[in-house]
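Subject: Structure handover

Hello,

Here is the structure for your files. My notes on what was found in it follow below.

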Amino acid sequence: MYAQLLTFGAAFLGSAVESVEALTIVLAVGLTRGWRSPLYGTVVALVALAILVLVFGQLIVTRVPELTLKLIIGTLIVLFGLRWLHKAILRSAGVIAMHDENKSYEETLKELHGSVLRQDWVAFVIALKGVFLEGMEVVFIVVAVGGTSGSGGLPIAVAGGLLAMIVIAVTGVIVRKPLAQVPENTLKYAVGVVLASIGTFWAAEGMGATWPLDLASVLGLAAIYFGASRVAVMMIRRRKPVMA
Amino acid sequence: MRFLRAAVAEVIGLFVGDWAQTGVSVGILVIGWFVLSRVHVAGIAFLIAIALAAQIVYATTLEARERAGRS
């Protein structure tokens, strides 16, 4: 039960963050150029992403031995989580600017205004590119978290990812503007800690390690990563005044 | 072609921000694997997390210092 909740939660949070970014792009295109082409682009991208999840998910679950899978995917999740955590620390410390959906929205608008010919094609490609590229991270999170969670893990991770996408899409349709109020940086911080912890847990299991208290050790790992990240933020802030 | 290149860059970018930092992280994991294969004590794998956590503290403070030096 605990493992299933962890799988669902990690897939949901990670997918929600990336869905907000994809939605910003689709909204910018749809509100300025009409909805038909960007929606086609979004659907094509979602179908491509679903195929990737099915192919890689099945391939990983059925072909790769469990320990090898945990070692490889665990290592990749550690690298992925540490990358998110790294950025989150620098943002929290004010070294780099917080991710701003309004700014991303304005940038996409500028990109669209620069193109004059074949407007529908441009809208289609920008929506497709935005959703597909942002969705790659969703695919990785869902396949990695679901594939290493034992039997039945993949459908739970897929459900978490899908629910996140639906929640964000429905919210976007209702408010019809970029979801700047979503605490995206905080979510990325949390997901960074969770993924680094799960990744370390699985990678070490793949190396043959045994954890005291089994999956509950993930909480200890999360405490280590969260504690270290706060230390880093404190050290950076002490060195220099906050920029943002 | 540009789209494919962007997709490949996106996939690599999922795991690698700075090649040196990624190399250090992978190095810690490899050393951890070596130690775990010889020392069979429950919970020793926490050392891997501590090493990775120390690595991220070092890498982020270093990047902050470099950025401050540039501006």
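A nonpolar core is here a set of buried Ala, Val, Leu, Ile, Met, Phe, Trp, Tyr and Cys residues joined through C-beta atoms within 7 Å; a residue is buried if 20 or more other C-beta atoms, placed from the backbone, lie within 10 Å of its own. The model is predicted: local features need pLDDT of at least 70 and side-chain atom pairs 80 or more, while totals for chains, interfaces and linings use all residues. Residues are numbered from 1 along each chain as its sequence is written, and chains are lettered from A in the order in which they are written.

The largest nonpolar core has 93 residues, and among those touching the most other members are Leu85(A), Ala127(A), Tyr225(A) and Ile56(B). Helix H5 of chain A (residues 119-147) gives the most to this core, 18 residues; helices are DSSP runs (H or I) of at least four residues, numbered from the N terminus.

Helices H3 (residues 66-92) and H8 (residues 217-239) of chain A pack at about 40°, axes 9 Å apart. Axes are lines fitted to C-alpha atoms over the stretch in contact, and angles run from 0 to 180 degrees between N-to-C directions. Leu85(A) and Ile89(A) are among the H3(A) residues making the contact, and Tyr225(A) and Ala232(A) among those of H8(A). Contact means C-beta atoms, placed from the backbone, within 7 Å.

Between the chains, 38 residues of chain A are in contact with 36 of chain B. H3(A) gives the most to chain A's side, with 11 residues.

Regards

Notes: Helix = DSSP H or I, 4+ residues; strand = E, 2+ residues; numbered from the N terminus. Contact = placed C-beta atoms within 7 Å. Buried ≥ 20, exposed ≤ 12 C-beta atoms within 10 Å, placed from the backbone.
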